[in-house]
Amino acid sequence: MVVQDSANRRPDDAPFRIGPWTVDPAACELSNGGGVNRLRPKVMELLAAFARHPGQVLSKQQLLDLVWSDVTVGDASLTVAVGELRDALGDDLELPVFIETIPRRGYRMIAPVERADRDTVRPGGSRFWLTGAGVELVLRQGENLIGRVPEAHIRIESPKVSRRHARIIVDGDSAVVEDLESKNGTFIGDTRIGGPTPLTHGDQLRLGQLAALLRVVVADHESTVTELSKEFATESVADV
């Protein structure tokens with residue numbers, strides 16, 4: 001079984017802030033309290049590359065190597081992606097506050113970048129996490145789709161899980177899980193759920209015929225997920 005959080009979360013996929021924007025690289029989303037902008041994956045990779053080098057001039061070739069190392073593209077692809085990024089950020093080409101063009105040299109991130117402690121529950125963020133099977137995934141406010149489809153927030157690459165298997169809806173300090181008419185069902189402990197079911201701290205969530213269990217962790221704002229996860233014994237993660 002492979003569990004992924006919105007397109008292969010990597011160490012540098014942790015959310016960060018640029019000015020008024022909260023950036024979630026794994027979900028390819030920008031949010032500022034007034035709405036959410038979704039970016040193409042390559043545009044988000046470009047933003048993440050800028051954020052890793054704030055204040056540093058990056059040449060076009062450096063950016064092409066950082067973002068498009070897996071394909072062969074030209075300067076035009078970079079120019080289009082920078083334009084999309086500026087539009088999403090609400091930046092101005094003539095009076096930039098985020099991405100500055102350095103003539104004949106490249107581009108530079110001129111806005112300050114703030115990175116949160118990845119292990120600390122962020123104020124204002126969801127208090128609900130899933131742990132187990134070697135992963136720790138934060139649940140976002142609103143819908144968290146679980147399944148095999150690419151757009152799933154929690155993508156599980158196993159034929160034992162339906163394409164759109166279940167969803168967890170987080171609303172403030174409460175969360176419910178709902179099976180989406182999956183073939184093999186969704187379970188809390190040994191009980192197959194038949195409708196929207198509240199989640200509480202320590203619940204064991206099982207999907208279909210997977211042997212691996214995911215634990216629900218509800219964190220307070222003074223605790224870390226790692227500390228809370230240690231409350232639970234290690235569960236079997238075999239996919240049988």
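In which sense do E7 and strand E8 (residues 106-109) pair, and over how many bridges? In this predicted model, E7 and E8 pair in the antiparallel sense, and four bridges connect them. Within this pairing, threonine 101 stands opposite tyrosine 107 of E8. Both strands belong to an open sheet of three strands, arranged in the order E6-E8-E7 with antiparallel pairing. The edge positions are held by strand E6 (57-58) and strand E7 (99-102), each of which pairs on one side only. Helix H1 packs on this sheet and touches E6, E7 and E8. The direction of H1 makes about 70 degrees with that of E8.

A second open sheet contains five strands in the order E5-E4-E3-E2-E9, and here too the pairing is antiparallel. Its edge strands are strand E5 (36-38) and strand E9 (113-115), each pairing on one side only. From one strand to the next, the twist averages 25 degrees. Strand E2 (residues 16-18) is joined to E9 by three bridges in the antiparallel sense, and isoleucine 18 stands opposite valine 113 in E9. Helix H1 also lies across strands of this sheet, namely E2, strand E3 (21-24), strand E4 (29-31) and E9.

The packing of H1 against another helix was examined next. The axes of helix H1 (residues 41-52) and helix H2 (residues 60-67) come within 10 Å and cross at roughly 120 degrees. Because the angles counted as roughly perpendicular extend from 65 to 115 degrees and those counted as roughly antiparallel lie over 145, H1 is oblique to H2. The crossing of the two helices is right-handed. On the side of H1, the contact is made by Lys42, Glu45, Leu46, Ala49, Phe50 and Arg52, while H2 contributes Leu63, Leu66 and Val67. Six of the residues in this contact are nonpolar and three are charged, with no polar residues present.

Strand E12 (residues 142-147) pairs with two further strands. With strand E14 (residues 166-171), E12 runs antiparallel and is joined by five bridges; the bridge partner of leucine 145 in E14 is arginine 167. With strand E13 (residues 154-156), by contrast, E12 runs parallel, and two bridges join these strands. In that pairing, isoleucine 146 stands opposite isoleucine 154 of E13.

Methods. Residues are numbered from 1 along each chain as its sequence is written. This is a predicted model: local features need pLDDT of at least 70, side-chain atom pairs count only at pLDDT 80 or more; totals for chains, interfaces and linings use all residues. Side-chain values use heavy atoms; hydrogens and water are left out. Axes are lines fitted to C-alpha atoms, for helices over the stretch in contact, and angles run from 0 to 180 degrees between N-to-C directions. Angles under 35 degrees count as roughly parallel, over 145 as roughly antiparallel, 65 to 115 as roughly perpendicular and the rest as oblique. A crossing is left-handed if the near helix is turned anticlockwise from the far one by less than a right angle, and right-handed if clockwise. Contact means heavy atoms within 4.5 Å. Ala, Val, Leu, Ile, Met, Phe, Trp, Tyr, Cys and Pro count as nonpolar, Asp, Glu, Lys and Arg as charged, and the others, Gly among them, as polar. Two strands pair if DSSP finds at least two bridges between them.
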